[in-house]
Amino acid sequence: MVKPEDDFPHPVPPQAFMTWKENWVFPAIDPDARVASLFHFSLRPAAGEGIFTAKLCIDGWEHRYVGRSPVPRDLTDLVPVRNDRLVFEVVEPGERFRIT
């Protein structure tokens, strides 16, 4: 069963530390309005980095951002999940999220 705290970064188990990644992916599409988006947050504590991605397509206009930023080894301290351009917040665990 998914618990509210499952939406937040997790402590990394020692036996999995070398391969552990924390990921959130948020796709959206409105074909009638010709709008699509994809936001992807990938935290890689063993590498000491996070990859923050935003892709937007609005009526044929496209924008893409991919940024790499340092992240701590203990991901539980990275709330909200953020770099210098994107912020991912859990507003209501299991229900609502905010990306700015």
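Me: Before we start, how are helices and strands defined here, and how many of each does the protein chain have?
Reply: Helices (H or I, at least four residues) and strands (E, at least two) are DSSP runs, numbered from the N terminus. The model is a predicted one. From the N terminus on, its elements read β-β-β-β-β-β-β. By that definition, the protein chain has zero helices and seven strands.

Me: Nice. Which strands stand at the edges of the open sheet?
Reply: Four strands build this sheet, with antiparallel pairing and the order S1-S2-S3-S4. An edge strand has a single partner, so one side of it is left without a neighbour in the sheet. On average, neighbouring strands here are turned by 5° against each other, direction ignored. The strands at the edges are S1 (22–30) and S4 (61–70).

Me: Which residue in S2 stands opposite glutamate 22?
Reply: Let's look at the pairing of S1 with S2, which covers residues 35–44. These two strands run in the antiparallel sense and are joined over nine bridges. Opposite glutamate 22 stands leucine 43.

Me: What share of the 100 residues in the protein chain is buried?
Reply: A residue counts as buried when its relative accessible area is under 20%. The protein chain exposes about 6,700 Å² in total, with carbon and sulfur atoms supplying 55% of that area. The buried share of the 100 residues is 31%.

Me: And how far apart do the centres of the positive and negative side chains lie?
Reply: For scale, the C-alpha atoms fill a box of roughly 45 × 30 × 20 Å along the principal axes. There are 12 positive and 15 negative side chains. The centres of these two sets are separated by 7 Å.

Methods
Residues are numbered from 1 along each chain as its sequence is written. This is a predicted model: local features need pLDDT of at least 70, side-chain atom pairs count only at pLDDT 80 or more; totals for chains, interfaces and linings use all residues. Side-chain values use heavy atoms; hydrogens and water are left out. Buried means under 20% relative accessible area, exposed over 50%, partly exposed in between (1.4 Å probe, protein chains only). Accessible areas come from the Shrake-Rupley method with a 1.4 Å probe; for residues, only the protein chains shown count as cover. Lys and Arg count as positive and Asp and Glu as negative; His and the chain ends are not counted. The place of a charge is taken as NZ of Lys, CZ of Arg, CG of Asp or CD of Glu. Two strands pair if DSSP finds at least two bridges between them. Axes are lines fitted to C-alpha atoms, for helices over the stretch in contact, and angles run from 0 to 180 degrees between N-to-C directions.
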